[in-house]
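Please look at the sequence and the structure shown here before reading the short report that follows.

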Number of protein chains: 2
Amino acid sequence: MSPADTARPQLKIRSVALDTGRENVVVISRRSRALRPEVFSGFSRVELRCNSRTLLATLLITDDDALVGPDEIGLSEPALRRFAEPAGMLATVSPATPPESLEAVRAKIRGETLSDEAIAAVIEDLAHYRYSDMEIAAFLIGSASFMTSGELLALTHAMANAGTQLTWPEPVVVDKHCIGGIPGNRTSMVVVPIVAAHGLTIPKTSSRAITSPAGTADTMEVLARVNVGAEEMKSIVAACNGCVIWGGHVNLSPADDILISVERPLSLDTREQMVASILSKKLAAGSTHLLLDLPVGPTAKLTSGAEAMRLRKLFEFVGDRFGLKVEVITTDGRQPIGHGIGPVLEARDVMAVLGNEPQAPADLREKSLRLAAHLLEYDPKLRGGAGYSRARELLDSGAALKQMQKIIDAQGPSAGRSELGDLAFDVGAASDGVVSAIDCLRLNRLARTAGAPVNKGAGIRLYKKIGDRVDQGEPLYRVFTCDPSEHDLAAAAASANNGYVLDGPNGPH
Amino acid sequence: MSPADTARPQLKIRSVALDTGRENVVVISRRSRALRPEVFSGFSRVELRCNSRTLLATLLITDDDALVGPDEIGLSEPALRRFAEPAGMLATVSPATPPESLEAVRAKIRGETLSDEAIAAVIEDLAHYRYSDMEIAAFLIGSASFMTSGELLALTHAMANAGTQLTWPEPVVVDKHCIGGIPGNRTSMVVVPIVAAHGLTIPKTSSRAITSPAGTADTMEVLARVNVGAEEMKSIVAACNGCVIWGGHVNLSPADDILISVERPLSLDTREQMVASILSKKLAAGSTHLLLDLPVGPTAKLTSGAEAMRLRKLFEFVGDRFGLKVEVITTDGRQPIGHGIGPVLEARDVMAVLGNEPQAPADLREKSLRLAAHLLEYDPKLRGGAGYSRARELLDSGAALKQMQKIIDAQGPSAGRSELGDLAFDVGAASDGVVSAIDCLRLNRLARTAGAPVNKGAGIRLYKKIGDRVDQGEPLYRVFTCDPSEHDLAAAAASANNGYVLDGPNGPH
């Protein structure tokens with residue numbers, strides 16, 4: 001015990017019913033002997049110490065004895081969980097010494113190149129919640145202006161090593177990933193059962209929607225439970241060759257989740273961060289072969305083939321260094337995939353494709369087959385070039401559907417019920433013409449306004465795609481909502497801009 | 001009223017007894033209809049709306065109905081004050097749209113140069129607490145790599161215009177400023193009464209210590225009240241020609257205080273930010289002539305004359321553009337000024353100099369006279385070159401002391417009592433020798449460990465300065481503390497490194 005510990009008043013740990021997201025927050029009384037108003041005040045960073053454990057947290061000060069008394073220290077839910085010292089124990093609080101690795105962040109801001117060790121130290125501190133939001137922002141922005149290829153490798157490596165690292169008994173473990181941005185693009189839920197039915201291992205973890213109306217995890221949750229931890233995941237994959245679960249419970253590359261939580265509100269988006277983010281998760285997941293889907297289109301994340309090419313090279317470079325076989329394909333990102341946007345509608349599309357139903361969306365089927373074909377070719381026992389026909393065989397025969405049912409049964413039923421929203425309205429064409437463009441960003445936003453993904457039954461069902469002819473007043477799509485207020489908001493948003501461009505006899509309008 | 005407002009549940013505003021420093025924080029119940037967990041969760045940024053008023057805030061979620069019920073929204077103290085809608089009113093809460101000016105921050109991060117309007121918009125949003133900490137960090141770091149001279153001018157201008165702007169009836173309003181870092185350097189408290197006694201207007205606002213053991217405001221508070229607002233400041237200056245108050249109550253360049261609150265924890269330090277920070281405050285304070293003290297020394301903020309020269313040019317360039325006459329002098333920053341470090345000890349030094357006491361520190365007296373001489377020369381009625389002798393006359397005659405008493409009386413008594421700490425220990429020389437260097441950073445840290453500035457009576461009294469001969473065991477300085485635990489901490493710190501370098505017969509040790 002250092003002299004500093006003996007000198008500081010001991011406070012009794014208690015829980016306070018405050019959910020502070022990712023941030024560790026502690027609350028002390030304004031009358032606390034431990035409070036030194038000129039050393040730390042509201043929103044200062046402080047260090048908690050109890051036995052040999054320490055925790056960095058943001059401080060709130062209260063005048064409400066019912067919340068936290070003068071001899072107590074209140075820990076918010078995440079802080080209490082991470083500190084792992086039970087309520088009632090005694091702790092000291094002192095001004096936080098910023099993590100030493102912050103010196104590397106400052107060096108990066110000054111324009112220096114960081115060593116592997118320096119980057120590893122930053123990620124280690126990040127993953128242990130020792131960085132405040134502003135310190136995370138400092139690292140991201142310092143790295144945004146430039147990052148050497150050596151730094152990118154070190155970052156990916158450190159991130160992959162900072163959390164759970166899965167291993168699999170099979171020599172070939174395949175995965176697919178799409179960089180996102182295209183509404184309705186739920187190929188994973190078709191690809192996984194095809195590949196798993198073939199016998200390849202495909203332990204798929206997916207994200208929930210953050211800025212989109214549905215993530216794969218949200219959509220799968222319409223059909224099955226997705227909150228599955230690492231151990232349970234292993235037994236599901238052992239039984240079914242694959243799974244479609246939410247990555248949040250598996251703790252793969254937790255530093256990535258933390259970095260993303262700051263990148264999003266700042267709308268920071270660099271190629272290097274994207275590559276480190278995706279590949280660190282895949283390395284931690286124990287994948288050996290990764291197929292990357294880069295949609296290109298005017299309202300996609302990538303708007304040109306050249307941009308996609310640069311990103312592809314970066315993915316290949318990093319993948320190669322870590323022995324992860326990365327294959328990158330560019331796909332048509334000009335418009336949504338499938339008929340539905342929103343968890344329930346997208347789940348219906350997926351099941352229609354797997355069930356070979358006549359109304360199944362052909363584009364989702366074709367894209368999924370193409371992706372599955374690439375993955376199947378990783379099977380050394382499969383004859384080169386036979387991937388596509390094997391994928392189609394597994395889909396057409398019903399083997400993929402059967403595999404999906406097996407996966408759904410293994411993951412178990414979802415907690416909530418998900419039904420399509422019963423308040424709907426159609427959005428009609430303003431004139432005769434041919435659909436020449438669909439704004440993916442606009443439809444994503446509209447589906448969110450309609451309530452997706454919070455309301456899983458909210459969303460959009462498209463009737464028309466690019467190249468389709470429409471008459472004035474003919475419905476382009478139907479919007480489903482679960483709530484009268486969201487119905488009104490979505491109707492107002494759609495009438496302001498419905499996201500469709502029609503080519504008429506007098507040009508686009 | 002937009003459709004969004006009608007659609008959102010109304011929550012009753014209440015106060016929650018949480019002090020969250022600068023940050024606006026609101027609390028809603030997990031059972032609130034307004035909470036949409038996948039749209040915003042703990043620590044999300046949200047926008048509050050009531051009548052035509054809006055407020056951006058950070059969200060906490062609670063399960064404690066006693067704190068905030070399901071139909072309520074709790075506002076922390078700063079949020080409630082800034083929102084200016086009384087408790088009991090109804091408000092809506094929605095995910096925050098980040099301030100539009102954030103697009104300029106992202107442009108800066110991408111390496112673009114910002115227009116005057118873009119910078120003004122950033123500062124306007126900053127000063128109105130619309131930026132989160134991470135957004136502030138983004139702006140600072142984006143600007144840290146480079147800032148054009150045009151951007152620096154626009155930043156200074158926007159900052160100066162964002163808060164209170166003082167005006168004075170006199171044509172000449174003088175001010176002095178030191179960039180800090182040198183312990184004991186309390187020249188303002190000697191210079192202000194000399195200059196005011198002469199009849200020049202010198203409305204001095206000072207800062208409290210943030211990372212040092214004493215700011216001028218902390219030291220003046222030993223003698224008088226310093227929490228003075230703008231109106232009262234004007235009447236004090238009208239009566240006494242000068243004042244020495246804390247700037248925090250006057251609201252000069254509030255964006256500067258906000259930027260500093262993020263710069264400090266990140267230890268960001270750029271010349272441009274320093275210039276914009278200091279000059280925006282002086283422009284807002286209505287100064288016409290500014291004397292800048294740049295101490296140079298191995299453990300000072302500036303370690304070479306070349307560095308000081310670059311900074312001087314930047315101060316002169318910006319000052320000229322705004323019609324503020326800036327004079328920059330470099331001073332000896334190799335060691336502390338005066339005998340004392342810490343508010344009470346420094347206040348004693350100041351009063352000893354003003355009282356012409358025999359034990360008064362000669363270096364503080366000489367430096368103060370030199371600075372006052374420069375300021376007095378701004379008086380058009382004073383003969384060129386007569387500044388120094390006039391300053392000495394005012395000091396030696398007791399006129400400056402009399403003026404200081406007048407200022408102290410006008411500011412009124414300080415609330416607390418400040419006495420020298422009664423737990424003291426001496427730190428002795430480890431060997432015979434001559435003092436060749438004193439580490440300012442180390443002594444600052446030691447004085448803080450001893451309790452300064454929280455305990456105004458804590459600090460260090462120096463017995464030896466550079467060039468002084470000492471015998472082994474002879475005291476170099478005495479450390480004063482007010483608390484046994486701080487005594488022990490300081491003793492341990494001083495024995496680890498006492499901050500003195502002695503040249504003995506066998507070289508430095």
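At roughly what angle do the axes of helix 4 and helix 10 of chain A cross? This is a predicted model, in which local features need pLDDT of at least 70, side-chain atom pairs count only at pLDDT 80 or more, and totals for chains, interfaces and linings use all residues. Residues are numbered from 1 along each chain as its sequence is written, chains are lettered from A in the order in which they are written, and side-chain values use heavy atoms, with hydrogens and water left out.

The axes of helix 4 (residues 116–127) and helix 10 (residues 254–266) of chain A cross at roughly 80 degrees and come within 9 Å, the axes being lines fitted to C-alpha atoms over the stretch in contact, with angles from 0 to 180 degrees between N-to-C directions. The two helices of chain A are therefore roughly perpendicular, a term for angles of 65 to 115 degrees. Helices here are DSSP runs (H or I, at least four residues). Ile123(A), Leu126(A) and Ala127(A) of helix 4 meet Pro254(A), Ala255(A), Ile258(A) and Leu259(A) of helix 10, where contact means heavy atoms within 4.5 Å.

In chain B, Ser280(B) belongs to helix 11 (residues 271–284). Ser280(B) is buried, with a relative accessible area of 0%, where buried means under 20% with a 1.4 Å probe and protein chains only. The table lists what its side chain reaches.

| Side chain | Partner | Distance |
|---|---|---|
| Ser280(B) | side chain of Ser253(B) | 2.9 Å |

Not counting residues up to four places away in sequence, Ser280(B) touches residues including Thr156(B), Met159(B) and Asp256(B).

Methods: Buried means under 20% relative accessible area, exposed over 50%, partly exposed in between (1.4 Å probe, protein chains only). A polar contact is a pair of N or O atoms within 3.5 Å; within protein, one must be able to donate a hydrogen and the other to accept it, and residues adjacent in sequence count only if both atoms are side-chain atoms. Angles under 35 degrees count as roughly parallel, over 145 as roughly antiparallel, 65 to 115 as roughly perpendicular and the rest as oblique.
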